[in-house]
Amino acid sequence: MIIDNNLIFSNLEYENSNDVLKFLSDNLEKNGYVKSSFYGGLLEREAAYPTGLDFGDYSIAMPHTEVEHVLKSTLSIATLKKKVDFKCAEDHSKDTPVEVVCVIAFGEKEDKIDVLTKLISFFGNKEEFYKMLTSDKDNLVEIVKKNLEN
């Protein structure tokens, strides 16, 4: 999984989940990782299989879509200045206020279970999570690479 500094953002400020996903999707496309259909694929999959994960003290979202929208495997991570609601993965009728969004672009050769397990372990680490929230972009990149690069 490629960790590209151009895909990591600190303190983004958007009003809702769709705006965050649009920004991250457009940036992934601009950097050559996904096709123009990626954003639509994200919204479609998010509607059917929400990705908001409530860890108790905080929540994250890990939206992803089908491989046909992806050119190269990667992820784009953003901390948010103010929380935005995502539908809960565990209960689609509820929203959870998300502070970190990790958009995953799964290519065909990517082991999805391995990547998701590594991400959940990383985001489930309360200490690392709160370090992320208080980090500028450079420190955020360092934290992500330390925890997610092979």
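**Note on the predicted model**

1. The buried residues of α3 are V115, L119, F122 and F123. Seen down the axis of α3, these buried residues fall within an arc of 90°, so they line one face of the helix; the arc is that of the directions from the helix axis to the C-beta atoms.

2. Some conventions apply throughout. The model is predicted, so local features need pLDDT of at least 70 and side-chain atom pairs count only at pLDDT 80 or more, while totals for chains, interfaces and linings use all residues. Residues are numbered from 1 along each chain as its sequence is written, and side-chain values use heavy atoms, with hydrogens and water left out.

3. The chain has five helices and five strands, which follow the pattern β-α-α-β-β-β-β-α-α-α along the sequence. These elements are DSSP runs numbered from the N terminus: helices are H or I with at least four residues, and strands are E with at least two. The radius of gyration is 14 Å, close to the 15 Å that the globule rule gives for 150 residues, so the chain is as compact as a globular protein of that length. The radius is taken over C-alpha atoms, and the rule is 2.2 Å times the number of residues to the power 0.38. Along its principal axes, the C-alpha trace spans about 35 × 35 × 30 Å.

4. Of the 150 residues of the chain, 47% count as buried. Among contacts between residues at least 6 apart in sequence, 69% join residues at least 24 apart. A contact means heavy atoms within 4.5 Å.

5. Helix α3 has 12 residues and reaches 16 Å from its first C-alpha to its last, close to the 16 Å expected at 1.5 Å a residue. The expected span is 1.5 Å times one less than the number of residues. The buried residues of α3 pack against β3 (59-61), β4, β5, α4 and α5.

6. Which residues have the most contacts inside the largest nonpolar core? They are I77, L119 and F123, in a core of 24 residues. Such a core is a set of buried Ala, Val, Leu, Ile, Met, Phe, Trp, Tyr and Cys residues joined through side-chain atoms within 4.5 Å. At least two residues of this core come from each of β4, β5, α3 (112-123), α4 (126-133) and α5 (137-148). The largest share, five residues, is supplied by α5. A second, separate core has 22 residues, including L12, F38, Y39 and A105.

7. Leaving aside neighbours within four places in sequence, I77 is in contact with L7, I8, F9, V100, V101, C102, F123, M132, V144 and L148.

8. Helix α1 (residues 17-30) has 14 residues and reaches 20 Å from its first C-alpha to its last, close to the 20 Å expected. Its buried residues are S17, V20, L21, L24, S25, N27 and L28. Seen down the axis of α1, they fall within an arc of 160°, so they line one face of the helix. These buried residues pack against β1 (8-12), α2 (38-48), β4 (74-87) and β5 (95-105).

9. At the start of α1, a side-chain oxygen of N16 reaches to within 3.1 Å of the backbone nitrogen of N18. A polar contact is a pair of N or O atoms within 3.5 Å; within protein, one must be able to donate a hydrogen and the other to accept it, and residues adjacent in sequence count only if both atoms are side-chain atoms. Just after α1, G32 takes a positive phi of about 85°.

10. S25 lies in helix α1 and counts as buried at 2% relative accessibility. Neighbours within four places in sequence aside, S25 is in contact with V34, F38, Y39 and L42.

11. T134 lies in the loop between α4 and α5 and is exposed, with a relative accessible area of 69%. Its side chain has a polar atom 3.2 Å from the backbone oxygen of Y130, and the side chain of T134 also reaches the backbone oxygen of K131 at 3.3 Å. T134 and S10 are 124 residues apart in sequence and 8.7 Å apart in space, C-alpha to C-alpha.

12. N11 is placed in strand β1. Its phi is near 60°, a positive value in a residue other than glycine. With a relative accessible area of 37%, N11 is partly exposed.

Note on methods
Buried < 20%, exposed > 50% of the residue type's maximum accessible area, 1.4 Å probe, protein only.
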